Amino acid sequence: MRKISIFGATGSIGQNTIDLIDRDPASYDVVALTGGGNIEKLAEDARRLNADVAVTAYEDRLDDLRTALAGSGVKVAAGQNALTDAAARPADWVMSAIVGAAGLEPGLEVLRQGGTLALANKETLVCAGALVLETAKANNARLLPVDSEHSAVFQALVGEDMSAVERIIITASGGAFRDWPLNKLAHATVEQASSHPNWDMGQRITIDSASMFNKALELIETKEFFGVSPDQIEVLVHPESIVHALVGFQDGAVMAHMGAPDMRHAIGYALHWPDRKGLPVERLNLGKLGQLRFSEPDEARYPALRLARAVMERGGLSGAVFNAAKERALDRFVARDIGFLQMAEIVEAVLDRFEAAGGLIDAPLTLDNVLQTDHLARTWVDDIVIQRAG
Ligand code: NAD
Ligand code: MG
């Protein structure tokens with residue numbers, strides 16, 4: 001039996017992971033499951049899978065979790081430190097599927113323990129790429145990609161030498177607004193941004209897909225994960241979401257990875273790696289599909305991509321600034337304090353303000369500096385929202 005833990009078990013990726021575990025429960029010994037406010041779901045899964053411990057991120061929900069798991073034998077805990085403690089529990093495989101920078105610290109702890117971290121949480125590499133990779137290396141830990149594009153690249157690279165790689169192309173569906181005229185985007189509502197044409201995901205990443213901030217984060221994630229330079233990474237809009245990524249080699253060959261848009265593929269690949277095992281995903285029927293379309297993204301429509309390129313060139317703590325400003329701008333959009341297009345404007349303003357402040361971005365990439373930068377960037381988003389309203 002393999003010992004596994006799932007961080008962010010109640011979310012979209014967490015539930016897809018549990019779906020795979022539920023199909024073969026005899027193979028897995030569940031150590032920790034974590035969630036946020038959905039105590040009922042967390043308790044139900046922890047009880048069924050007989051987890052050692054269930055953790056809610058919210059301290060004020062500890063009593064509810066305790067009540068929900070009474071008599072089950074599952075230990076309960078709450079809060080940030082409890083998440084890190086759960087990450088320190090020995091496990092053979094850990095899913096990192098918390099949304100946002102909140103996933104960074106538990107993930108780092110798993111790496112410090114020398115564990116295998118299946119990384120759905122792209123923010124981990126965006127905020128603290130070099131720190132995360134160094135921690136993994138120093139502790140002989142392993143990172144496996146779960147983001148579909150990065151899993152696709154990882155699979156296209158099996159048996160290949162990185163020195164033969166010329167470029168990496170990640171695809172983007174274009175999100176909810178890909179066919180909207182530009183002048184309508186300013187008035188896009190939270191509800192409109194929260195529906196995705198191809199993928200069923202958490203609300204935050206769905207909105208990030210509409211704004212292309214998701215692809216922006218993935219550009220940075222690609223640079224960090226595969227150690228390529230920014231000019232080796234391209235984005236292609238591909239409305240069908242069948243080709244997830246392509247790798248171009250120095251002989252001109254291009255290896256594409258295809259599959260139905262179902263995250264259980266990338267999750268299952270990381271779960272069974274280095275083997276491939278049967279997965280309950282739809283099989284492709286390209287004949288029926290008829291055509292696959294590709295086009296270059298329009299930067300006027302998607303300023304997030306331009307900002308990500310600047311962040312990749314800038315390095316240092318600019319990834320932490322970018323991600324935190326994006327997260328806070330998204331909070332303010334969801335709260336209906338700002339419009340859809342203002343998210344990118346405000347993230348750019350925060351990046352500029354950090355640059356003008358001098359030196360901050362060039363502080364060493366330590367966990368403390370990442371957390372402080374993250375906090376400051378969120379505060380500055382709020383300042384700018386107030387200034388603009390006033
Ligand atoms: P989600 O919103 O559905 O779930 C998020 C999970 O994190 C939940 O369990 C929630 O309780 C927990 N959580 C939220 N805030 C927290 C906090 N502050 N501290 C601790 N836990 C917290 O999100 P998702 O769509 O499953 O995405 C999870 C991660 O995977 C994100 O980083 C996302 O970018 C990435 N990802 C998701 C998909 C997808 O298909 N959903 C695809 C690729 C990558
Ligand atoms: Mg992705």
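Tutor: On a 1 Å grid over the protein atoms alone, a pocket is an open set of points with protein on both sides within 12 Å along at least five of seven lines, a cavity is a set where a 1.4 Å probe fits but cannot get out, and lining residues have an atom within 4 Å of a point. The model is predicted, so local features need pLDDT of at least 70 and side-chain atom pairs pLDDT 80 or more, while totals for chains, interfaces and linings use all residues. Residues count from 1 along each chain as written, chains are lettered from A and ligands numbered from 1 in written order, and side-chain values use heavy atoms without hydrogens or water.

Student: Which helices and which strand each supply at least two residues of the lining of the second largest pocket?
Tutor: The lining of this pocket consists of Leu-133, Ala-136, Lys-137, Ala-141, Arg-142, Leu-143, Leu-144, Phe-154, Glu-224, Phe-225 and Trp-273. Helices (H or I, at least four residues) and strands (E, at least two) are DSSP runs numbered from the N terminus. The elements that each give at least two lining residues are helix H6 (123-138), strand S7 (142-145) and helix H11 (213-226).

Student: How much space lies in the second largest pocket?
Tutor: A volume is the space filled by probe spheres set on the grid points, which are joined across faces, edges and corners. For the second largest pocket, whose lining includes Trp-273 and Phe-154, that space is about 260 Å³.

Student: What is the volume of the largest cavity?
Tutor: The structure holds three cavities of 30 Å³ or more. The largest cavity has a volume of about 80 Å³.

Student: Which elements give two or more residues to the lining of the largest cavity?
Tutor: The lining is made by Leu-185, Ala-210, Ser-211, Phe-213, Arg-301, Tyr-302, Pro-303, Ala-304, Phe-340, Leu-341 and Ala-344. Two or more of its residues come from each of helix H10 (203-211) and helix H14 (303-314).

Student: Which residues are the protein donors of the magnesium ion (ligand 2)?
Tutor: Donors are N, O and S atoms within 2.8 Å of the metal (3.2 Å for Na, K and Ca); water is not among the atoms, so sites may look incomplete. The donor residues are spaced D-x1-E-x68-E in sequence. Lying 2.1 to 2.2 Å from the ion, they are Asp-147 (OD), Glu-149 (OE) and Glu-218 (OE).

Student: Is Asp-147 buried or exposed?
Tutor: Buried means under 20% relative accessible area, exposed over 50%, and partly exposed in between (1.4 Å probe, protein chains only). Glu-149, also a donor to magnesium, has a relative accessible area of 7% and is therefore buried. Asp-147 has 6%, so its class is buried.

Student: How far apart are the closest N and O atoms in the salt bridge of Asp-331 with Arg-204?
Tutor: A salt bridge is a side-chain nitrogen of Lys or Arg within 4 Å of a carboxyl oxygen of Asp or Glu, and by this rule the count comes to 31 salt bridges. Between Asp-331 and Arg-204, the closest N and O atoms are separated by 2.8 Å.

Student: How many residues apart in sequence are the parts tied together by Asp-331 and Arg-204?
Tutor: Both residues are partly exposed, Asp-331 at 23% relative accessibility and Arg-204 at 25%. Asp-331 lies in helix H15 (residues 318-334) and Arg-204 in helix H10, so in sequence the joined parts stand apart by 127 residues.

Student: What distance separates the C-alpha atoms of Thr-379 and Arg-328?
Tutor: Thr-379 is in helix H17 (residues 367-389) and is partly exposed at 31% relative accessibility. Along the chain, Thr-379 and Arg-328 are 51 residues apart, and their C-alpha atoms are separated by 8.5 Å.

Student: Which helices hold Glu-348 and Arg-306?
Tutor: These residues form a salt bridge whose closest N and O atoms are 3.0 Å apart. The pair links distant parts of the chain, 42 residues apart, with Glu-348 in helix H16 (residues 342-357) and Arg-306 in helix H14.

Student: What separation do the C-alpha atoms of Ile-338 and Val-126 have?
Tutor: Ile-338 sits in the loop between H15 and H16 and is buried at 8% relative accessibility. Ile-338 and Val-126 are 212 residues apart along the chain, and the separation of their C-alpha atoms is 24 Å.
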